[in-house]
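Thanks for coming. I have one model to go through this morning, so please look at the screen.

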Amino acid sequence: MNMFYGQHTIHLNKQRAISLPDRFARELQGDFFVTQGFDQNLILMPENVFLDLYQRVNKMNIANPVARLFLRHLLANAAFISKDQISNIEISNPLCEYADLPTEDAAVVVGQGDHLEIWGQKKWQEQSLDLQDAAKNARKFARLNLGAN
């Protein structure tokens with residue numbers, strides 16, 4: 001399995017299309033999906049990762065309003081992107097608006113292990129400042145169970 005890491009500045013053209021950095025484009029190697037992220041960003045997932053997430057969500061109790069909400073969040077604006085479109089990925093207007101990606105402006109693509117995030121530059125700068133607050137992060141990260149199994 002490929003692992004996405006690092007960050008790169010990219011640009012959104014007039015047609016709301018982006019080109020991924022070569023390293024990320026090579027790692028994708030197949031079809032993928034782009035959809036809303038959780039932090040006013042976009043998530044770009046290889047098809048197998050997206051389908052695995054969908055299958056896990058689809059097994060949840062459909063009577064649970066949170067499960068239905070998550071399914072809507074995941075699928076309502078999702079777009080399938082074929083590997084042939086990797087050099088010119090068109091982002092729908094609703095996704096651009098959600099992630100505050102102005103056309104003809106810079107954005108940031110960030111590796112997140114099995115998927116990528118796409119951030120508007122302003123939102124990424126806010127996120128970066130938050131990530132640099134060591135004291136706040138120590139309190140947040142202490143709640144995670146990162147111990148070895």
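First, the ground rules. This is a predicted model, in which local features need pLDDT of at least 70 and side-chain atom pairs count only at pLDDT 80 or more, while totals for chains, interfaces and linings use all residues. Residues are numbered from 1 along each chain as its sequence is written, and side-chain values use heavy atoms, with hydrogens and water left out.

The protein has 6 helices and 8 strands; these are DSSP runs, H or I of at least four residues for helices and E of at least two for strands, numbered from the N terminus. Their order from the N terminus is β-β-α-β-β-α-α-β-β-α-β-β-α-α.

On dimensions, the C-alpha trace spans about 45 × 40 × 30 Å along its principal axes.

Of the 149 residues, 36% are buried. Buried means under 20% relative accessible area, exposed over 50%, and partly exposed in between, with a 1.4 Å probe and protein chains only. Taking contact as heavy atoms within 4.5 Å, and counting contacts between residues at least 6 apart in sequence, 64% join residues at least 24 apart.

Now the inside. A nonpolar core here is a set of buried Ala, Val, Leu, Ile, Met, Phe, Trp, Tyr and Cys residues joined through side-chain atoms within 4.5 Å. Which residues have the most contacts inside the largest one? They are Leu20, Ile91 and Ile118, in a core of 23 residues. Elements giving two or more residues to this core include β1 (7-12), α1 (22-28), β7 (105-111) and β8 (116-120). There is also a second, separate core of 9 residues, with Met45, Val49, Phe50 and Leu74 among them.

Back to Leu20: leaving out residues up to four places away in sequence, Leu20 touches Ala25, Leu28, Leu44, Ile86, Ile89, Val109 and Leu116.

Last, the loop between α4 and β7. Asp100 lies in this loop, and its phi is near 55°, positive in a residue other than glycine. Asp100 is partly exposed, at 37% relative accessible area. Glu104 lies in the loop between α4 and β7 and has a positive phi of about 55°, although not a glycine. Is Glu104 buried or exposed? Glu104 counts as exposed, at 55% relative accessibility.
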